Amino acid sequence: MIAAVKARQFDVGMDGITITEERAKEVDFSIPYLRSEQFMLVRANEDRFSTPEEFKANPKLLIGSQAGTTNFYAAVYNVLDGDEKNPRIIIFETFGASVQALIKGDGDMVLMDKTSSAGYIGANPDKLKLIGDPLAGEDFGFIFTPKSDLRASFDQAISSMNQDGFLDHLSNRWFFLFNASAK
């Protein structure tokens, strides 16, 4: 999507695009509309650890992750030892596969953002829970062709919705309520 917006195939792009300095050299970003933070998703009966330090200290514990994702890098650098080939990380093709392995006991933790975790916990309320504080975070923004006239209007709208609480309302309504049509 970044390449397509940079090439002016589209005027704007948005789909959980993390704001980074490297990407900002290619496209212009709006101010953040959402902050995604990574938490430890574990089985509901987990009591062997509650912090990344306790997890790291137990060499028998395994993390399920999808390679190349924020969750993977948070696991490597915020929980383990910085070695991307650490054998304590089990690589899966999807987040869903890593969560299913966790439920089955084929791993001990998956790092996942709060929103996605809420969906998995909602589908498996007696099997999963979140523990600890956020281990990593990233801001998402709209992307624009460089020097786009649209950016200022988007920034103004995002700022207004943030100030009056409407962004929080949308997040709660669409990501955390069981009945998304509820008011």
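Which residues line the second largest pocket? That one is picked up in point 5, after a few notes on the rest of the model.

1. Ground rules. This is a predicted model, so to speak, with local features needing pLDDT of at least 70 and side-chain atom pairs counting only at pLDDT 80 or more, while totals for chains, interfaces and linings use all residues. Residues are numbered from 1 along each chain as its sequence is written, and side-chain values use heavy atoms, with hydrogens and water left out.

2. Strands here are DSSP runs of E with at least two residues, helices are runs of H or I with at least four, and both are numbered from the N terminus; two strands pair if DSSP finds at least two bridges between them. Strand 2 and strand 8 (residues 143-144) run antiparallel and are joined by two bridges. Phe-29 has Ile-143 of strand 8 as its bridge partner.

3. Asn-86. Have a look at the loop between helix 4 (70-79) and strand 5 (89-92), where Asn-86 sits. Asn-86 is buried at 9% relative accessibility (buried is under 20% relative accessible area, exposed over 50%, partly exposed in between, with a 1.4 Å probe and protein chains only). A polar atom of the Asn-86 side chain lies 2.7 Å from the backbone nitrogen of Arg-88. Setting aside neighbours within four places in sequence, Asn-86 is in contact with Leu-80 and Asp-81, contact being heavy atoms within 4.5 Å.

4. Salt bridges. The structure holds seven of them (a side-chain nitrogen of Lys or Arg within 4 Å of a carboxyl oxygen of Asp or Glu).
   - Lys-6 and Glu-26 meet at 2.4 Å, N to O. The pair links distant parts of the chain, 20 residues apart: Lys-6 is in helix 1 (residues 2-6), and Glu-26 is in the loop between helix 2 (21-24) and strand 2. Lys-6 is partly exposed at 41%, and Glu-26 is partly exposed at 31%.
   - Arg-35 pairs with Asp-139, with the closest N and O atoms 3.1 Å apart. Here strand 3 (residues 34-43) is linked to strand 7 (residues 128-140), and the two residues are 104 apart.
   - Asp-108 and Arg-48 meet at 2.8 Å, N to O. Both are in loops, Asp-108 between helix 5 (95-104) and strand 6 (109-113), Arg-48 between strand 3 and helix 3 (52-57). Asp-108 is buried at 8%, whereas Arg-48 is partly exposed at 41%. Shared partners join Arg-43, Glu-46, Arg-48 and Asp-108 into one network.

5. Back to the pocket. The second largest pocket is lined by Asp-15, Gly-16, Ile-17, Thr-18, Thr-20, Glu-22, Arg-23, Gly-68, Thr-69, Thr-70, Tyr-73 and Glu-138. Helix 2 and helix 4 are the elements that give two or more residues to this lining. The second largest pocket holds about 210 Å³ of space. On a 1 Å grid over the protein atoms alone, a pocket is an open set of points where a 1.4 Å probe fits, with protein on both sides within 12 Å along at least five of seven lines, and lining residues have an atom within 4 Å of a point.

Methods. A polar contact is a pair of N or O atoms within 3.5 Å; within protein, one must be able to donate a hydrogen and the other to accept it, and residues adjacent in sequence count only if both atoms are side-chain atoms. Grid points are joined across faces, edges and corners, and a volume is the space filled by probe spheres set on the points.
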